[in-house]
Amino acid sequence: MPERAPDRLLRMLGMVAYLDGHDDVPVDDLAAQFGVTPEQVLADVDTLWVTGTPGYLPYDLIDFDASAYERGVVTLVEARGMTRPLRLGGREAVALVAALRAMAASLGPALDDERAAVVRSALDKVTAAAGDAAAAVDVQLPAAATPQAGAAIGEALARGRRLHIRYVDAGDRTSEREVDPIRLVTEDDRTYLLAWCRASHGERLFRVDRIVAADVLETPAEDHPVPEGADVFTPAGGEAVTLHLASQGRWIVETTPAEAVRDLPDGSFEVDLSVVQPAWLRHLLLQAAHTVIDVRPPAVAHDAAAFARRALAAYAPLLPAGEGG
Amino acid sequence: VLIGRDRDRGASRSFRLGRIQGGVRPVGAPGAFPPPSDDELADALSAWTQGPERTAALAVLPDRAAALRARAVDDALDVDAVPGARDVLAGRDLVHVRYRSTWELAEEIVGYGAAVVVLAPTGVQDAVLDLLRTASRLDIPAEVVDA
């Protein structure tokens, strides 16, 4: 399988640093350490051998012990300064701290002890190295899955197992599905499970706060090719709806994939949406009721208003007579 | 979020970066104001770290609002004290959930429409009713609504 150049570069740099601290490493051990085949290790070493600092004369190149190499053992003789510890800029360190804290918070209970220790130790080291800058970030993730579902999702991802989930969609319909989990995706302030849904034969994003129950099955998850961009929610082929909103409704544009936004002279604005799930739009209109000036087509406004009137009717026994609507 | 002192209002305010439109430019000389103390900063941030956790009592139609049910807790509010609660609960399940922000919970609950009725506290109920009443007039032409 072709490998992306940045991945290979990263591994080779890691290899030089590793070999600087470990002498006489058998090729097989090196392969296991970096998760690649022994052939790939030999190819990497061959490339490193002709790699160096400008000038590129023999003494400018990284060098290995040739006789050890013949025996299938890798020994670094000359690192050409490639083992200088990685230096992080302030911003890079803060970004790493934020990412590690998010990882610890979202996967916390799902990680096994060994992985949890790795995250903790990396976080401690980077936090210490970043010094005051680390105090500038505060990561707070929204309450995501229930602990039971969160642990099951984590275990299924770690062990490559199929999951049985009970899922509630935007229309409040509950379904039971078997899915092959692929990875967790965090987008804005929600976390999604990207998984292959066996019922619909395609990859789907499941909001983890709507996975109300999850069980790890003993069946191994199958590998499914996932097209690039599958982890970004992009509604397609929906109904075109235009909302005219007061300026206080700005948040809708931030949290909703809008097709187009037009600012109007009086500070209000129009937003074009492509709506796949009518229930989702209805919920949005009810949430944003105070800022909605107009909705096109009118049938959409009527649907949302009728929905609200039915809900109000359910409150009738709680309210003094005549206060229903 | 940008936390800053709003000079017009004489109080600290937070501004979502995504809602700041147009150019931003510095005014005033460097060092024109003293940096906030740690206490002032914590005060300004507390608006974002929300209030204490409270419990709401909901009357939910059977088999509906599974996502709310998944968060149900064992706390029990005294709903018998709520006039009419008994009538609403006939044919509905009593579900308690914890929340911090009244409007966040209200915005979530309106999505369920008639499937979820808020019994208590009144703050959440009022917020839901307010949204529902406003939304119930969405199909009335805008000129008629006194917005």
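Where is the place of S268(A) in chain A? In this predicted model, S268(A) lies in the loop that runs between strands β11 (258-263) and β12 (269-275) of chain A. The relative accessibility of S268(A) is 4%. Because buried residues are those under 20% relative accessible area, S268(A) counts as buried.

Another, at 2.9 Å, links S268(A) to the side chain of H244(A). When neighbours within four places in sequence are set aside, the residues in contact with S268(A) are H244(A), L245(A), A246(A), S247(A), R262(A), D263(A) and I293(A).

In chain A, strand β5 (residues 161-168) is mostly covered, with 6 of its 8 residues buried. This strand pairs with β9 (residues 211-220) of chain A in the antiparallel sense, over 6 bridges. Within that pairing, Y167(A) has I211(A) of β9(A) as its bridge partner.

In chain B, strand β5 (residues 116-120) is largely enclosed by the rest of the structure, because 5 of its 5 residues are buried. Antiparallel pairing over 4 bridges connects β5(B) with strand β3 (residues 54-60) of chain B.

The pocket analysis concerned the second largest pocket of the model, which has a volume of about 1100 Å³. Its lining comprises 26 residues, and those closest to the pocket centre are G4(B), R5(B), D6(B), R7(B) and F33(B). Two or more lining residues are contributed by each of β1 (2-6), β2 (11-15) and α1 (38-46) of chain B. Of the elements involved, β1(B) provides the largest share of the lining, with 5 residues. By residue class, the lining of this pocket consists of 15 nonpolar, 4 polar and 7 charged residues.

Note on methods: Residues are numbered from 1 along each chain as its sequence is written. Chains are lettered from A and ligands numbered from 1 in the order in which they are written. This is a predicted model: local features need pLDDT of at least 70, side-chain atom pairs count only at pLDDT 80 or more; totals for chains, interfaces and linings use all residues. Side-chain values use heavy atoms; hydrogens and water are left out. Buried means under 20% relative accessible area, exposed over 50%, partly exposed in between (1.4 Å probe, protein chains only). Two strands pair if DSSP finds at least two bridges between them. On a 1 Å grid over the protein atoms alone, a cavity is a set of points where a 1.4 Å probe fits but cannot get out, and a pocket is an open set with protein on both sides within 12 Å along at least five of seven lines; lining residues have an atom within 4 Å of a point. Grid points are joined across faces, edges and corners, and a volume is the space filled by probe spheres set on the points. Ala, Val, Leu, Ile, Met, Phe, Trp, Tyr, Cys and Pro count as nonpolar, Asp, Glu, Lys and Arg as charged, and the others, Gly among them, as polar. A polar contact is a pair of N or O atoms within 3.5 Å; within protein, one must be able to donate a hydrogen and the other to accept it, and residues adjacent in sequence count only if both atoms are side-chain atoms. Contact means heavy atoms within 4.5 Å.
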